[in-house]
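Keep the structure open beside the text.

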Amino acid sequence: MATTPIVSVCIPSYNHAKYVRAALESVLNQDFGDFEIIITDDGSTDGTVEEVLAVRDERIHFERNERNVGPSVTAARNMARARGRFFAFLPSDDLYLPGKLRRQVEAFERQPELAAVFSWMTPVDDGGAPIAGDFPYYRPAGVTRESALRHFFFEGNLLSAPTVMVRREGFERVGVFDPCLWQTQDYDMWVKLCLNFPIHVIEEALVAYRLRAGGANMHASNPATDARVAWEFVQVLRNYFTLEQDPALFLRVFPEAAAHLEQGHGVTGALALLGLGASAPAPRNFGIEALYRALNTPETAAALERTGHGAAYFYRALAEVDPMRTGALRALAASGQEIARLQASQGGAEQLAQLQAAHAELLAYHQQVMEAKEWWQKQAEAWEAQAKGRRG
């Protein structure tokens with residue numbers, strides 16, 4: 001039986017014929033050699049499979065999905081085959097820089113309590129040349145378990161999947177990547193890991209992250225990704241409800257919430273008020289759900305009523321946050337009617353210009369929703385066609 005490797009490098013590939021060989025070679029050229037490469041192709045149609053098979057090394061273990069199933073399912077299949085003590089992840093269009101695996105294994109040896117070790121990364125272009133400029137997202141400084149959880153809640157993700165190495169015991173505690181999350185499966189995982197373990201970030205670039213032309217990266221902003229992210233972010237924040245079992249960690253992450261606990265709001269009630277007090281849409285939408293939960297717990301509901309955060313507050317907040325965006329669509333129709341009225345009456349040029357600007361913003365939002373809906377419909381039709389083809 002083959003010796004169990006220390007590190008399993010998991011690579012999901014999809015239509016990256018131009019890049020996948022360089023990705024594989026960046027792993028094979030590491031100065032730490034006790035690893036295996038687990039690569040699963042997610043139904044590529046561009047020659048990616050041929051590029052992978054052209055790289056000969058006994059440490060490469062390749063399989064191919066029968067159809068395109070998405071990044072989370074493919075990641076889970078990679079992990080199911082992996083045998084290492086540590087897991088590392090590499091998109092098939094990115095690159096490991098020299099020393100990546102060695103530096104992270106050494107960090108785990110120094111601090112065995114860690115569940116995950118991240119690093120910085122440097123952006124490169126389609127050809128692999130470094131991109132000049134200031135990219136603070138790629139170089140998060142001074143990150144701790146607590147500061148990461150706070151950032152995740154109020155601002156979203158700040159850690160990058162290509163940089164991470166995770167101890168097997170971390171996944172055994174929190175589970176694998178959620179297959180229902182397309183855009184935020186890594187963000188969800190980092191939240192779960194940080195809720196259970198300390199982490200570390202090596203403040204040096206150990207990964208080259210390819211910024212592809214024309215926004216071709218999976219996470220590039222477009223109507224489909226924006227619509228998915230809006231829903232997925234709230235699902236990720238639901239993980240914070242587990243802090244009910246760890247109020248000490250909760251207060252280290254949100255020290256300003258001590259007053260809420262003293263007033264009897266509980267962790268869920270405090271999370272609700274923290275979320276509703278945020279500026280970003282995701283924590284505000286989550287705040288609505290958390291407040292609903294808290295108000296359905298009699299003792300917490302009574303405490304929230306005493307401080308003016310009871311049912312009446314919930315109804316007002318629900319209307320203001322408008323998580324289903326029904327108000328935006330109603331405003332779109334109303335602004336269109338008012339623009340038509342002003343144009344017919346030839347009045348209020350300034351008012352008309354303001355209305356037209358507001359109407360354009362609402363129309364753009366509505367267009368995003370419709371394009372995302374159309375994208376999902378086409379994706380579902382494609383999957384169904386593939387399934388019928390196999391049955392035929």
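**The sheet and its surroundings**

Eight strands build an open sheet of mixed pairing, in the order 3-2-1-4-7-6-8-5. Strand 3 (60-64) and strand 5 (95-96) stand at the edges with a single partner strand each, so one side of each has no neighbour in the sheet. Two strands pair if DSSP finds at least two bridges between them. Strands (E, at least two residues) and helices (H or I, at least four) are DSSP runs, numbered from the N terminus.

A word on the source. This is a predicted model, in which local features need pLDDT of at least 70 and side-chain atom pairs count only at pLDDT 80 or more, while totals for chains, interfaces and linings use all residues. Residues are numbered from 1 along each chain as its sequence is written, and side-chain values use heavy atoms, with hydrogens and water left out.

Now look at strand 6. Nine of its nine residues are buried, where buried means under 20% relative accessible area, exposed over 50%, and partly exposed in between (1.4 Å probe, protein chains only). Strand 6 (residues 116-124) pairs with strand 8 (residues 199-210) in the parallel sense, over nine bridges. Two of the residue pairs can be picked out. Trp120 has Ala205 of strand 8 as its bridge partner, and Pro123 has Tyr209. Strand 6 also pairs with strand 7 (residues 165-167), but here the strands run antiparallel and two bridges join them. Ala116 is bridged to Val166 of strand 7. In a regular strand the side chains alternate between the two faces of the sheet.

Step back to the whole chain. Of the 392 residues, 48% are buried. Contact means heavy atoms within 4.5 Å. Among contacts between residues at least 6 apart in sequence, 74% join residues at least 24 apart. The chain exposes about 19000 Å², and carbon and sulfur atoms supply 54% of that area. Accessible areas come from the Shrake-Rupley method with a 1.4 Å probe; for residues, only the protein chains shown count as cover.

Two helix pairs deserve a look. Helix 11 (residues 266-276) packs on helix 12 (residues 281-295) at about 150 degrees, with the axes 7 Å apart. That makes helix 11 roughly antiparallel to helix 12. Angles over 145 degrees count as roughly antiparallel, under 35 as roughly parallel, 65 to 115 as roughly perpendicular, and the rest as oblique. Axes are lines fitted to C-alpha atoms, for helices over the stretch in contact, and angles run from 0 to 180 degrees between N-to-C directions. Residues of helix 11 in this contact include Gly269, Ala272 and Gly275; those of helix 12 include Phe286, Gly287 and Ala290.

Helix 5 (residues 145-154) and helix 7 (residues 185-196) cross at roughly 140 degrees, and their axes come within 9 Å. These two helices are therefore oblique to each other. Helix 5 brings Arg145, Ala148, Leu149 and Phe152 to the contact, while Trp190 and Cys194 are among the residues from helix 7.

Finally, find Asn15. This residue sits in the loop between strand 1 (7-13) and helix 1 (20-28). Most residues other than glycine have a negative phi. Asn15 is partly exposed, with a relative accessible area of 25%.
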